[in-house]
Structures are given as structure tokens and as C-alpha cells.
Amino acid sequence: MSKLDDLIPLYYEHNELVKKHKKIADKANKEIKKTMAEQGITEFATNGLIATVSVSERVDLMEDVLMEKI
């Protein structure tokens, strides 16, 4: 029996769990952001955990270059 006979099913099982939990975490993350935005807050503490939301403004560098040339 090859070591791979053990490793491949182990990887598959855990990778499927990761995918499942990532979907759950992503959904909760989206709902947290939405709720915090609706309440107009950027930080919330509960049960020893702190959630913070920050907004990053991204600027298209090509737009800046074009604006300078105009």
C-alpha cells in the first residue's frame, strides 16, 4: 500500500470541509459587513472578539496618467 493511498483521501476529505466552511464563513462575513453598514458602525465587540470594517479607496493608475496628460 502506497503512502498516497492514505494521503489522497485524507486531503480530499479535509479539502471538502474547508470548502464547506469557507462558504459559511464568507456568507457570515458578508452579513456582518451589511449589518454594520446599516447600523453605521465600523467596530463591534462581542464575547472577546472584535469585528472592524474599513473602506479602501482604489484609484485606477491609468486614469491618473490620462488626467495628467490632459
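**Hairpin, helix and pocket**

β1 and β2 run antiparallel and are joined by 4 bridges; strands count as paired once DSSP finds at least two bridges between them. Helices (H or I, at least four residues) and strands (E, at least two) are DSSP runs, numbered from the N terminus. Keep in mind that this is a predicted model, with local features needing pLDDT of at least 70 and side-chain atom pairs pLDDT 80 or more, while totals for chains, interfaces and linings use all residues. Numbering starts from 1 along each chain as its sequence is written, and side-chain values use heavy atoms, with hydrogens and water left out.

**Hairpin**
- β1 and β2 make a hairpin with 2 residues between them.
- In that turn, N47 has a positive phi of about 50 degrees.
- Across the pairing, F44 sits opposite A51 in β2.

**Helix α1**
- The 37 residues of α1 should span 54 Å at 1.5 Å a residue, and the end C-alpha atoms are 53 Å apart, so the two agree; the expected span is 1.5 Å times one less than the number of residues.

**Salt bridges**
- The count comes to 2 salt bridges, taking a side-chain nitrogen of Lys or Arg within 4 Å of a carboxyl oxygen of Asp or Glu.
- One of them pairs K19 with E16, whose closest N and O atoms are 3.3 Å apart.
- Both K19 and E16 belong to helix α1, where they are 3 residues apart, or about one turn of the helix.
- An α-helix has 3.6 residues a turn, so residues three or four places apart point the same way.

**Largest pocket**
- I32, T35, M36, Q39, I41, F44, T46, L49, I50 and A51 line the largest pocket (an open set of points on a 1 Å grid over the protein atoms alone, where a 1.4 Å probe fits, with protein on both sides within 12 Å along at least five of seven lines; lining residues have an atom within 4 Å of a point).
- α1 (3-39), β1 (43-46) and β2 (49-52) each give at least two residues to this lining.
- α1 supplies the largest share, 4 residues.
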